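Dear colleague,

Here is the structure for your files. My notes on the fold and the ligand site follow it.

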Amino acid sequence: MPPDPAKPHIAVCPGSYDPITKGHVDIITRASEIFDELIVTVINASVRKDRALFTAEERVGFIQDATAHLTNVRVDTFDVLIVEYARRVGASAIVKGLRAISDFEYELEMNQLNRHLAGDIESVYLMASPQYSFLSSSGVKEIATFGGDVSDLVPDEVAKRLKEALAR
Ligand code: ADP
């Protein structure tokens with residue numbers, strides 16, 4: 001069915017964002033130009049095995065700071081299936097960024113599962129920009145753990161807070 005022109009096109013952009021990187025900001029910026037409204041949503045589920053470095057509130061705060069200039073972007077958290085969350089907020093699409101082949105394999109599997117659960121919600125993939133195609137939150141944390149400089153990879157406030165968090 002073609003989209004209803006009277007209805008805003010809302011998309012969700014889910015992730016752990018622990019913490020947000022310039023690669024995420026790039027995807028969010030590009031997606032915000034495609035959709036009427038973009039909801040960046042941070043997973044806040046205790047079922048996840050790997051413990052996050054930053055709390056969900058801290059991660060939300062970093063994203064809000066980094067996207068404050070994008071007027072059609074808002075930030076939220078979720079702790080249900082992403083397709084269920086998308087339905088709740090009236091989104092018709094899930095936006096993901098794709099870096100390497102490894103992202104593709106994982107995303108293909110997630111896509112099949114989400115399609116099975118909710119065939120009406122489409123997933124949309126944006127290719128990572130070349131300068132960020134090897135950038136991940138876990139890589140940034142590893143560099144920062146060993147005292148490396150991450151100021152080119154994450155927003156300034158995140159770089160500062162990473163230094164403090166990992167010094168503890
Ligand atoms: P990470 O894999 O860095 O921990 P998340 O789980 O927070 O990231 O990912 C949220 C979304 O952002 C995913 O769709 C992921 O593929 C995408 N993403 C993460 N880093 C980048 C990047 N450097 N370029 C493009 N997309 C990215």
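**Sheet, helices and ligand site**

Helix α2, residues 56–67, lies across β2 (37–43) and β3, and runs at about 170° to β3. Please keep in mind that this is a predicted model.

The strands form an open sheet of five, in the order β3-β2-β1-β4-β5, with parallel pairing. Because β3 (73–78) and β5 (122–127) each have a single partner strand, they stand at the edges, and one side of each has no neighbour in the sheet. From one strand to the next the twist averages 30°.

Six bridges join β4 (residues 93–98) and β5 in the parallel sense. Within this pair, G97 is opposite L126 of β5. Helix α4 (residues 101–117) packs on the sheet and touches β4 and β5, with its direction at about 165° to that of β4.

Now the ligand. There are 16 residues around it, of which Y17, G97, R99, Y132 and L135 come nearest. At Y132, a backbone N or O atom is 2.8 Å from a ligand nitrogen atom. The ligand taken alone exposes 530 Å², and the protein buries 86% of that.

Which elements give two or more residues to the shell around the ligand? They are β1 (10–15), α1 (22–32) and β4, with α1 giving the largest share, three residues. By type, the shell holds six nonpolar, seven polar and three charged residues.

Regards

Note on methods: Residues are numbered from 1 along each chain as its sequence is written. This is a predicted model: local features need pLDDT of at least 70, side-chain atom pairs count only at pLDDT 80 or more; totals for chains, interfaces and linings use all residues. Side-chain values use heavy atoms; hydrogens and water are left out. Two strands pair if DSSP finds at least two bridges between them. Helices (H or I, at least four residues) and strands (E, at least two) are DSSP runs, numbered from the N terminus. Axes are lines fitted to C-alpha atoms, for helices over the stretch in contact, and angles run from 0 to 180 degrees between N-to-C directions. Contact means heavy atoms within 4.5 Å. A residue is near a molecule or strand if one of its heavy atoms lies within 4 Å of it. A polar contact is a pair of N or O atoms within 3.5 Å; within protein, one must be able to donate a hydrogen and the other to accept it, and residues adjacent in sequence count only if both atoms are side-chain atoms. Accessible areas come from the Shrake-Rupley method with a 1.4 Å probe; for residues, only the protein chains shown count as cover. Ala, Val, Leu, Ile, Met, Phe, Trp, Tyr, Cys and Pro count as nonpolar, Asp, Glu, Lys and Arg as charged, and the others, Gly among them, as polar.
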